[in-house]
Amino acid sequence: MGTGSGNNVPTTAYFGGEDMGTAIDHVEARISGTQAQFFVYPKMQLAAGEYTGTLKLSMCADRQCSEHFKGSPVNVAYTVSVGKGLKVTPGSVDLSSLTGASASVPVAVQLPGGVSSFSAATSAAWLQVANITSSGMTIIAGAKGPGLYNGLVTVSAGSRTVTVPVTYRVTADPSSVSSITPDRASLDFSAPTGYASSGQQLKVTLPNWAQGLSTSVQYRTGDAGWLVVTPGAGGAVSVVASAANLRPGAYRADLVLSGGTELAPVSVPVTLNVLAADWSVTGTSTLTVDAASTTSTMGGQISIDVPNLPVQGWQASSNATWLQLSRSSGSLRTDKLGVSVNVAQMLKLANFHTYTADITLSLASGKTAGTKFTVTLDKRLPELSYISPHTRLSGEAGNYIVRGRGFDAITNLNQVLQVKGATPAQIVRVNDTQFELSLPAAQGDATVALSNTLGASSGSVTLKTVSQPAFTYAAVAAQGNKGGLVFDPERQALFTVNKTLGSLMRFSKSGNNWNVSSAPVSSVDEVAISPDGKSLIVTVTSGQIKLFDPATLTEQGSFKAGGVYGETLNSLPRMAVRNDGKVLFSGASGVQDDGGYMPYFDLVSRSFGNIGGAYVFGWASVSGDGSHINIVQSASYTPLPPIVSLDGRDQVAKPAPSGLGHWFESAQSLRGERFAEGTYKVWDHDFNVIGKVAIPDSTYFGRTPVFSPDGKRLYVMAYDSNGLYVGSTSKPRVYVFDSSTRMVTSTDLPLLGYFELADYPTCAVSSYECDTRALGTISPDGKTLFFLGDARLIVAPIPAVLVGRQAAAMRRLVLPASR
């Protein structure tokens with residue numbers, strides 16, 4: 001401390017201190033008024049010990065201190081005593097190593113006086129202190145990845161603290177792994193719902209500096225918890241996927257592998273495909289019941305398994321009463337399920353239909369969804385539909401066609417065929433739907449049925465024996481265009497439809513008279529009779545097929561077709577009834593089935609369908625027993641489409657020979673032995689020409705052909721063109737031709753003669769609106785012809801004596817010369 005006094009105080013004074021010894025670092029002067037304080041700072045890094053010296057203090061007028069003030073300089077003796085303090089040597093540490101290795105360095109520690117120990121702390125996990133003694137310690141840097149790391153070691157002793165900076169440089173080792181490496185890029189599991197998958201092992205390789213392997217799971221969908229991960233020794237990881245609470249489908253997650261903060265984590269995609277129960281159900285899936293079936297043959301066995309599940313119990317039930325199960329429960333891969341037909345319940349089902357039953361299978365554990373196994377029943381028991389023709393004259397023998405289905409499965413037709421009222425001379429199976437009976441003459445009815453071991457009814461068909469009384473000539477007034485002419489031998493009645501009046505008409509013989517009755521049917525077009533004579537079939541152009549009772553004319557049913565086409569003329573029959581009950585008609589069936597454009601209504605099943613083949617039904621000629629149908633497709637195209645035929649045993653129509661032309665009038669014999677193409681040519685069943693029809697009188701033109709039932713005679717009703725004028729007295733003629741033998745030396749059929757009708761069945765004037773085409777048929781005994789037109793019904797017994805062939809020939813020669 002210095003004090004100044006005196007006058008003429010200078011405006012500037014310079015103070016300084018100079019160490020004349022070795023222990024002073026610097027001197028700092030602080031002036032306050034007339035006071036001057038000198039602060040003396042010893043050197044900082046003096047070793048322990050005692051230092052002495054002299055401090056020279058000066059106050060000068062100039063910076064170079066060349067002019068001292070009075071009393072300056074002043075020498076002050078000093079002493080600096082330095083005791084022992086806390087010291088770490090070296091004061092900073094540099095370490096280096098390769099990845100995966102550690103590095104260390106010893107450090108000396110000098111403790112302050114009076115202190116016997118110290119403590120040390122590090123600023124990073126990789127930095128550690130070991131081997132601490134009273135005079136030092138070891139600083140250790142652990143294994144790290146490549147890089148430069150900085151840390152601090154803080155040493156504390158008493159109240160003293162020293163911080164030692166540590167720099168750690170790690171260099172990559174080319175021979176070591178530098179990242180987390182799993183041995184598989186992904187994991188895929190599959191398990192049935194309710195069960196766990198088998199486990200998979202994942203081997204994970206870590207860098208040598210990793211802190212250790214840890215795992216976690218990140219689920220990509222809302223369903224979590226299905227993955228179980230268990231780390232093991234040496235980087236092994238066990239993974240199991242469980243579908244205990246999952247529905248069938250695909251589930252995804254990521255298995256995240258970590259090795260510490262200095263390693264980037266690695267994700268392994270995991271997929272679990274949860275499967276529905278992989279049921280394996282094999283065995284009898286179709287049961288057929290036909291003529292050959294017995295109770296022992298209508299069954300089978302079913303094997304049940306779920307291969308991806310352990311053996312366990314199953315349960316079974318059926319939803320159909322016709323299917324019996326041998327048991328309701330069993331074990332997978334062990335117990336089979338027996339199935340069989342319940343005969344009593346099966347017999348209640350409609351025949352010739354296919355039925356299905358579902359067997360529901362489930363597991364007792366309930367962990368897996370159940371399944372269904374379908375068993376199909378094909379019921380094809382033989383059944384009878386019709387016998388054709390269904391009537392015969394008393395004392396008549398012959399061959400008859402029995403129609404139905406299911407006949408092919410009958411092993412021995414003779415054993416199961418039951419004929420009441422007759423003993424067949426011969427039985428010939430034609431196909432699955434028909435067989436032929438050769439029956440001797442009889443006076444009564446013959447009823448046909450089939451027996452079987454199951455007690456099923458085949459139905460029955462009856463061949464009725466009728467007596468045909470003689471007819472006398474009659475002309476019954478019946479105005480209006482007609483459609484179809486049916487003679488019913490059972491009721492001795494004729495049926496037609498009146499298109500003009502819209503009615504179904506019946507002509508019933510009563511003694512020598514004919515009673516006429518009718519039932520209204522709007523838009524009516526055609527009438528025919530069913531093969532068993534129990535129904536009249538009527539087509540209606542508003543789109544219906546209607547059935548009527550022949551005895552009462554009451555309606556039995558109406559069935560909607562896709563369309564029904566009509567015709568205003570008396571001829572062009574647009575309906576043909578086959579002897580299996582299929583009613584072909586001109587129109588559309590309204591259904592899509594086996595293809596084809598030829599619609600039919602099935603009288604047996606009361607359903608519509610289509611005859612196969614790329615043909616259409618325009619109009620047709622059908623044999624009396626319904627076994628053979630010849631069909632004109634259309635007359636509206638050029639060139640004309642081919643004529644086709646349909647035999648009772650065929651499923652498709654077939655084109656007729658090219659020589660067969662187009663017709664508007666036609667006729668067939670009872671069993672189709674003969675076919676008249678218009679009034680010009682006669683063919684046999686197989687379309688071989690029998691001969692031409694040549695009317696000898698040039699002014700007469702043929703109008704209506706009718707065959708005798710056996711086809712040996714052809715009757716052609718003809719009109720005199722000169723008679724179609726007012727005042728003419730000529731009458732229609734019926735020319736009779738011998739059609740029994742094929743012509744060899746002549747083209748024309750032999751003319752047996754003719755007879756005249758007393759009346760015209762149609763209008764008889766030469767005008768556009770007069771339709772001279774008449775419908776014709778014949779009685780079963782071949783003795784009476786019936787002609788029906790838009791004027792009247794003509795009942796014409798065939799005379800035993802005809803106008804001779806010579807007269808007809810003379811007529812043919814004379815008339816041209818008289819013109």
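Where is the place of glycine 370? Select it: glycine 370 sits in the loop between β30 and β31. Helices (H or I, at least four residues) and strands (E, at least two) are DSSP runs, numbered from the N terminus.

**Before going further**

This is a predicted model; local features need pLDDT of at least 70, side-chain atom pairs count only at pLDDT 80 or more, and totals for chains, interfaces and linings use all residues. Residues are numbered from 1 along each chain as its sequence is written, and side-chain values use heavy atoms, with hydrogens and water left out.

**Stop 1: glycine 370**

Glycine 370 has a relative accessible area of 49%, so it counts as partly exposed. The classes are buried under 20% relative accessible area, exposed over 50%, and partly exposed in between, with a 1.4 Å probe and protein chains only. Show its contacts next (heavy atoms within 4.5 Å). Setting aside neighbours within four places in sequence, glycine 370 is in contact with Trp279, Leu361 and Ser362. Now draw a distance to glycine 596. That residue is 226 residues away along the chain, and the C-alpha atoms are separated by 43 Å.

**Stop 2: the largest nonpolar core**

Select Ile302, Trp322 and Ile359. Within the largest nonpolar core, which has 32 residues, these three touch the most other members. The elements that give two or more residues to this core are β24 (286-289), β25 (299-305), β26 (313-318), β29 (337-341), α1 (343-346), β30 (353-363) and β31 (371-379). Colour β30 separately: with five residues, β30 gives the most to this core. A nonpolar core here is a set of buried Ala, Val, Leu, Ile, Met, Phe, Trp, Tyr and Cys residues joined through side-chain atoms within 4.5 Å.

**Stop 3: leucine 454**

Go to the loop between β38 (446-450) and β39 (460-466), where leucine 454 lies. Leucine 454 counts as buried, because its relative accessibility is 10%. Beyond residues up to four places away in sequence, leucine 454 touches Val289, Ser293, Thr294, Thr295, Met298, Val343, Met346, Leu347 and Leu381. Leucine 454 and alanine 292 are 162 residues apart in sequence, yet 9.9 Å apart in space, C-alpha to C-alpha.

**Stop 4: the whole chain**

Zoom out. The protein chain has three helices and 69 strands. Its C-alpha atoms fill a box of roughly 195 × 70 × 50 Å along the principal axes. The radius of gyration is 61 Å, whereas a compact globule of 819 residues would have one near 28 Å. That radius is taken over C-alpha atoms, and the globule rule is 2.2 Å times the number of residues to the power 0.38. Of the 819 residues, 45% count as buried. Among contacts with a separation of 6 or more, residues 24 or more positions apart account for 57%.

**Stop 5: two long distances**

Select serine 634, in the loop between β56 (628-632) and β57 (644-647). Serine 634 counts as buried, since its relative accessibility is 12%. Apart from residues up to four places away in sequence, serine 634 touches Trp619, Leu640, Pro641 and His662.

Then take proline 182, in strand β15 (residues 181-182). Leaving out neighbours within four places in sequence, proline 182 is in contact with Leu202, Lys203, Val204, Leu257, Val266 and Val268. From proline 182 to glycine 776 the C-alpha distance is 98 Å, across 594 residues of sequence.

**Stop 6: backbone exceptions**

Most residues other than glycine have a negative phi, and most peptide bonds are trans.

- Threonine 89 and proline 90 are joined by a cis peptide bond, with omega about -5°. Proline 90 lies in the loop between β7 (87-89) and β8 (93-98).
- Serine 388 and proline 389 are also joined by a cis peptide bond, with omega about -10°. Proline 389 is in the loop between β32 (383-388) and β33 (391-393).
- Serine 523, not a glycine, has a positive phi of about 60°. Find serine 523 in the loop between β44 (513-520) and β45 (524-529).
- Arginine 606 has a positive phi near 55°. Its loop runs between β53 (598-602) and β54 (607-611). Arginine 606 is partly exposed, at 39% relative accessibility.
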